[in-house]
Amino acid sequence: MKYGYFDDQNREYVITQPDTPLPWINYLGCQAYFGIISNTTGGYSFYRDARLRRITRYRYNNAPFDLGGRYIYLRDDASGEFWSPSWQPTRHKLEQYSCRHGMGYTTISSQYSGIEASTRYFVPLDENLEIWQLTVTNRRPHAAELSVFSSIEFCLWDAQDDSTNFQRNFSIGQVEVEDGVIYHKTEYRERRDHFAFFACSETIAGYDTQRDAFLGPYRGWDNPDAVERGYCFDSVAHGWSPIGSHHVKLSLKPGESRQVVFVLGYQENQREQKFDPPDSQIINKKAVKAVIAKYRVAANADNAFEKLRIYWSELLGRCHVDTPDVHTNRMVNIWNAYQCMATFNMSRSASFYESGIGRGLGFRDSNQDLLGFVHMVPGRARERILDLSATQLPTGGAYHQYQPLTKRGNNDVGSGFNDDPHWLIIGVGAYIKETGDWSILDEPVPYDNAPGSETPLYEHLQRSFRYTLDRLGPHGLPLIGRADWNDCLNLNCFSDTPGQSFQTTTNKDGTVAESVFIAALLMLAGRELADIAQHRGLATEAASYLAEVAKMEATIRQHGWDGEWFVRAYDDFGRKVGSKENAEGKIFIEAQGFCTLVGIGLEDGLAVRALESTRQLLATKHGIVLQQPAYSKYYLELGEISSYPPGYKENAGIFCHNNPWVIIGETRIGNGDGAHDYYTRINPSAREEISDVHRCEPYVYAQMIAGRDAPTFGEAKNSWLTGTAAWNHYAITQWILGIRTSYDGLLIAPVIPKSWRGFNATRKFRGVTYNIEVQRAGDGNQVSLEVNGAPVQGNLVPLPPPGAKIVTVKATLH
Ligand code: BGC
Ligand code: NOJ
């Protein structure tokens, strides 16, 4: 069953009924001001940091899930009837409803009682505000007297404190209202230099800023007193809960349309110029007034929207494919790329599954995410890399997370996730391959943000690699630390105390438990580093990295091969994890994916066998599960992984993030059919028809789909902020379609399904547009290339001479 459809032409997903199985959201903003918006306008906004600069309030774990949002009410002043054009919160049965989630905007349109209303929500580029552009049209045969009420609830800035510290919060709320603009200025009188504002393009009939006045006692957002009566109380919030609501009256002739623009924004003032007059407590509004005046004008809002459209068109145009598969095209060209930008902007901070108050930016996550977005925003990728590496510890280890506002490592979570440092090498490698910008390696970057500790970034990479070599276990495999990529494989935790964090509790000295996953990751990072060293003219150093890679490969073959598949780890007792010797958790996806992705056993059949075992034991129709058999009970020595009921999350859920590793593994053994089949199983667009089972948005990946051991097999959770986005984009574009960045240029190495006659692609790369045509002449993956009409040996498209703008590539597969 579907709840809408894709409008690819407009790059939109159109939801046609408001009661989707879960809120289906979109993101507004792509620079500093952000909002989450559901298909019923639920969600909240913030400036830069979802915890520390929350602009509007959101109540966690509410029912419905997305209650609290950017609500507009319409009221028929003749009859007194009122409704929400976005369905929530009044939930009237609308005569028509559609929600168009597009690139950086959402438009919700509906009709009720002959009154059509359409609101476009977006954040203009380079502004710290959001616009709600409401158009109301009278479709009745007679005139209509209407009232419009806007509404938002302000958050008292720190979202964590806002939802807990009531003894203080109920007494600190402050607002100002001037010329119909509502200013939220809680704590502005003391140490904050910022405030929020909520303005309207029309002359208002009234306003409310105190929640209890607007709603009335014992009433909720579904039935505000002010809306029911048809007028606001002009309330001024003193303490309690500041809100913003404007009341606008509209008289519409039959067929007449009117536009009302609401502007909600964030503004900072210089500390010395906070107040006007200076010795008063009144906000200095000089700067903000100009901004408000601009966007109150509908034409300026339209212009800003057009600029946003062009921005996204340009970004998404950097990698465009035209294959025989609509789901591939749609994800690569639109939604997967868009989701990669969301993971860049948010990391794992704010969604309907990530609270925006818990997790900072993950070191591993943010580095991996680069794989998916570096071609769209290389300049910002560079900055992200420098920020991340500045939190690295002198040992080469890494803080697991850092806070976006302070850019400091997060002490609460600390370090000791022993895979983390390698992802920096992989992130930097992806950046240089995309941009050719070798200068980044010479940037002076501190350790743990300590001034004076700077070394060139290159040395950070050297230390990252060294970190693992200095921490090898009894079998010569890397010690796992608190966890590796699988945050829930906590082999040194041994926690028997309820509520203790599995990630930060360590009861063992960590000198025994080892990770085969990190071993394979070391091979990937080591080759990357060797390439980089080679390009810097450090041949001996490069050779030494390759020697370590070869050594680790031998170790994996000796201690990491279980007969039919790769072992996952060794526990604190030196026993195998992910082996036929185990009663449960005999085979894990991470080891099969990563070991084959780095090419172990391509020559002697181990890779084929591991992938065959994966197919037999882990693959399901909804995707590949993380491990089998699921853990039926809690194992003290394994940690969080066994804490989940079977089939969920890391305990045998389909953890979509790691499926692309197997997909890439399949391309390495030349199996394009297998690779694309796995790709399709978790492709959200290909799952649209089973939206009633999948339940999450059909336009973005979710972190997890319940595995076959779960009663809800096939049900997705935790959509949007997941490494799945970057890895799938990378797997489909660089390994299946095979348009792969390298230090020396673009490689063309498709491993596509046999049934495909070929495909076309446009790829902007280092300032040049590559028009690529791939055609099948035989069943294999052998490539012959023609570049600008001339044959070229091998599959590397040579970098064109400076000044070239377009390169034409024709690849024939034999
Ligand atoms: C989740 C992991 C997550 C970890 C760190 C665990 O509870 O299962 O997926 O990475 O927490 O926050
Ligand atoms: C989610 C985390 O964000 C990611 O870093 C981790 O690798 C997976 N969970 C697996 O545990």
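Start at ligand 2, where one of the oxygen atoms sits 2.5 Å from a polar side-chain atom of Glu 650. Keep in mind that this is a predicted model.

What share of ligand 2 does the protein bury? On its own, ligand 2 exposes 290 Å², and the protein buries 95% of that.

Two further contacts belong here. The side chain of Arg 364 has an N or O atom 2.8 Å from an oxygen atom of ligand 2. With Asp 487 the contact is to the backbone: a polar backbone atom there is 3.0 Å from a ligand oxygen.

Now the surroundings. Ligand 2 has 10 residues around it, and the closest are Arg 364, Asp 365, Trp 485, Asp 487 and Glu 650. Sorted by class, that shell holds 6 charged, 2 polar and 2 nonpolar residues.

Next, a few strands. S1 covers residues 4-7, and it runs antiparallel to S2, with 4 bridges between the two. One of the pairs is Asp 7 with Glu 12 of S2. The hairpin of S1 and S2 has 4 residues between its strands, and Arg 11 in this hairpin has a positive phi near 55°.

S2 has another partner, strand S9, residues 96-102. That pairing is antiparallel too, over 3 bridges. Ile 15 has Cys 99 in S9 as its bridge partner.

Are the residues on the two faces of S2 buried or exposed? On one side, Glu 12 and Val 14 are buried.

Notes:
Residues are numbered from 1 along each chain as its sequence is written. Chains are lettered from A and ligands numbered from 1 in the order in which they are written. This is a predicted model: local features need pLDDT of at least 70, side-chain atom pairs count only at pLDDT 80 or more; totals for chains, interfaces and linings use all residues. Side-chain values use heavy atoms; hydrogens and water are left out. A residue is near a molecule or strand if one of its heavy atoms lies within 4 Å of it. A polar contact is a pair of N or O atoms within 3.5 Å; within protein, one must be able to donate a hydrogen and the other to accept it, and residues adjacent in sequence count only if both atoms are side-chain atoms. Accessible areas come from the Shrake-Rupley method with a 1.4 Å probe; for residues, only the protein chains shown count as cover. Ala, Val, Leu, Ile, Met, Phe, Trp, Tyr, Cys and Pro count as nonpolar, Asp, Glu, Lys and Arg as charged, and the others, Gly among them, as polar. Buried means under 20% relative accessible area, exposed over 50%, partly exposed in between (1.4 Å probe, protein chains only). Two strands pair if DSSP finds at least two bridges between them.
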